[in-house]
Every structure is written in C-alpha cells, then in structure tokens.
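Subject: Structure for you to look at

Hi,

Here is the structure I promised to pass on. Have a look at it first, and then read my notes below.

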Amino acid sequence: MSKPKLAYYLAGGCGGCDIAVVDLAEALVDVALALDIVFWAPTVADVKYKDLEAMPDGSIDVALFSGNVRNSEHEHIAKVLRQKSKVMIAFGICASCGGIKGLVNLHTTDQLLDKAYINSFSTDNPEKILPQTSVVVDGKYELTLPTLMDARPLDEVVKVDYYIGGCPPYHEHIGKAFTALLSGQLPPPGSWITMGKAVCEVCGRNPVLQGKPKKLATTVKRTIEGTPTEGACLLEEGYLCLGPVTQGDCGAKCPAANIPCRGCGGPIPGVKDFGLRAISAIASMLDNEELVDQIPDPVHLFYRYTLPGSFLGKRIKR
Amino acid sequence: MGLKEIIRKITHKGGNGMKKIEINPMTRLEGHGKVTIFLDENGNVENAFMQVVEFMGYEKFLQGMPIEEVPRTVSTICGV
C-alpha cells in the first residue's frame, strides 16, 4: 500500500504551527516515515506553487492549512489545495477562527498601512510610499504583490473537514491527531479534533476538581497586579481566565505557569462564537456588575484569537 | 536537459517582451517571499528583485492592548 500523501501550507500565520509539528520530536520520525510529504510551503519542502497546481485533483490525502486567509495568494492556494485534497484540515487557531493576526479586522486596510508605513515612530518615509499590487520599476520591470483583504478563517473560503485549535496546537495533541488520521479514527466531518474537555477540566488549579466549591471573583486584576496564590483558581482571584470555554488539549499549561488562559485552543464543543460565550462565562463568574467596567480592553481579551470568524468580526471597525 | 532548455521552460515573456523567471514561493523559511529575475535577449540576468509579499499590521492592532499582554501577542509575528 502506498503511503498517504500529506500537504501543508502556511498562509497568514507565523510558522508556530510548523514548529509545533517539529515538537513531536522522536514521534516525528514515525510520522515522516508513515507519510509522503508532497507539498510543505514555504517552510519545509522546496516545492513551488506551480508544482502544486500541476498535481492531479484529489491526489493529496490530507492537507493541513495553517494561518488565516489574508490576501489573494492565500485565497488562491486554499482553493487549489482544496481541489487537490481529499481531506482538508484547518490547523491551528488562525486557520480555524482567524487567530491573533485576525485582529487586523478591527481596522481598515488604509489605517493599518498608514500606521505601519507612514505614521509610526521609527518610520522614515517622506514620499509616503505604500505597497502596491502592481508596480513597474525603472519603466520596464513589472512586479506584482497579492491583494490585501480582511482576515478570514479557512472555512469562509473553502469547505473544511476538520479543525484543530491552539496557538500553536499542543504537540501531544498533534501526535494524537496524526494517530487518529493515520488509523482512520476521525470524528464526523466538520468537527474539531479535540478530546472535548475545557481547560478548566484539566487544570490543576480548578477548585471543583479538588472537591471545593467555586467562588465568584470579587475583583478584576491585570496579570501585573500581585501574584496569584499557589494552586488557587486564577479566575477566583480576579485574573480573567478563559479556561471555562476553551478546549483543553493543551493540558492547561498557561494556568500552571500563573498565566490566565486567553482562549487559543478554540471554543469547547457546541460553541459557535467563542467571544460571546467567553463574555457570558466571565460575566457569570463575577461577584457584581460594577466589576464589568473594570475589564481592561475587552475586545483584545475575548476575541483575541477568534475575531474574524465571530458574529462581531464582520461588523466593527474602529 | 541543457541549461538553455531549462531556462526556456521556466521563463515567460513579461509585458514588454522581456523574459521573466518567478520563484514563488521562496522556500525553507518562515514568511512569504518571491524572487523575480529579468533576463535580457541573450538570456543573461539583467535585474532581479526579492519581494516580501505579506503584510500583517501589528503596529496598529496592538494599540489599546494592556502592555503585559503584548509579549505573548507579538510572539506570533514569527513563531519559528
């Protein structure tokens, strides 16, 4: 039997998901031996877009797509990969929900370019030159760039078979996902590949798991204020932790390091809009209404990883 | 395959009749780049350009974020 063919594409991401695959360490050898990697751009394999376009339709068994869809090039490769692949997986929170880089949707493209290329402290650009999709240098050298768009999760561009959360996905979880893939033990199409538990359910700080009652937070604190009591629930102490609504395939690594969860794992099963559910969860754990006003910068907190895919995402510009 | 044949295969004519080789994407690195090489009529390199084809926008969307949240956010500028 021939080995399953794997393709991997990094779109509007940072390469952190690629590194998380490398974090499989020794298990990576087994994975690499079990799979035939036909495309992994731009990070790993020296295969060009033209080579991918020349592959027969449906010839790739599994395509992993990391990063959001942010420009015309990402969109084009997403569509090509979909056509060439039997199973397409949104790999990591950017591809699944938009990710941190999806926060660009809070602003217009003009605002973003103006800040980066003209009005930032360290920029010297008196002619106010901005990137163009097409330019002719010295009157004869034609160069092109992809067109910038609002960030979108992959499923707003092509049909997605499975989602894997995390920024990046936790390496042990990737190992389990690969095992499920190779053995054909996958959930129904359209599902998240997850154990289905929230961060709280695997968190060593959760009082309920220690048989204690859960207390409401009586203050709201920033992480720079004070030090959390050892072993105590961060949320009870007022550090806004999104563990109740976030997939816990990471094993609650951030709370274990005194850092409240920010939701990179993606929504727990059954939740469509992570931000809305997170707002509702946090609101239900605060002692009184006045505390709501003390939440610093709510949009960057509740929608940090999921703005483009949310109901809110398409409607607001600052 | 001879070198001339390889060049003939991978080049195509630009708008003004100039031959152009596009290497897209640049591989084995994080981030998206593209190299465009222009050849003269003898097939020699006349000019070459490297473009970074991505734009992110952290400069703008970080505004308003509490400072202590910034390090874990900007770690996604490059995750390698």
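How many residues does helix 4 of chain A have, and how far does helix 4 reach from its first C-alpha to its last? Helix 4 spans residues 72-84, which makes 13 residues, and it reaches 18 Å, close to the 18 Å expected at 1.5 Å a residue. Please keep in mind that this is a predicted model.

Staying with helix 4 of chain A, its buried residues are Glu73(A), His74(A), Ile77(A), Ala78(A), Val80(A), Leu81(A) and Lys84(A). What do these buried residues pack against? Their partners within chain A are strand 1 (5-10), helix 3 (49-53), strand 3 (60-66), strand 4 (69-71) and strand 5 (85-91).

Strand 3 pairs with strand 1 of chain A, and the two run parallel, joined by five bridges. In that pairing, Leu6(A) stands opposite Val62(A) of strand 3. Strand 3 also pairs with strand 5 of chain A, again in the parallel sense and over five bridges. Here Ile60(A) faces Ser85(A) of strand 5 as its opposite residue.

Now for the domains of chain A. The assignment gives domain 1 (5-100 + 151-192), domain 2 (108-148) and domain 3 (199-302). Between domain 1 and domain 2 of chain A, the C-alpha centres lie 31 Å apart.

On to chain B, which has three helices and four strands. Read from the N terminus, the elements of chain B follow the order α-β-β-β-β-α-α. Chain B has 80 residues, and 14% of them count as buried. Of the contacts in chain B with a separation of 6 or more, 7% are between residues 24 or more positions apart.

Finally, where do the two chains touch? The contact takes 35 residues from chain B and 40 residues from chain A. On the chain B side, the elements that give two or more residues are strand 3 (33-39), strand 4 (45-52) and helix 2 (58-61). By type, the chain B residues that touch chain A divide into 15 nonpolar, 14 polar and six charged.

Best wishes

Terms used
Residues numbered from 1 in each chain as written. Chains lettered and ligands numbered in written order. Predicted model: local features only at pLDDT ≥ 70, side-chain atom pairs only at ≥ 80, totals over all residues. Buried ≥ 20, exposed ≤ 12 C-beta atoms within 10 Å, placed from the backbone. Contact = placed C-beta atoms within 7 Å. Expected span 1.5 Å × (residues − 1). Nonpolar A, V, L, I, M, F, W, Y, C, P; charged D, E, K, R; others polar. Domains from an automatic or database assignment. Pairing = 2+ DSSP bridges.
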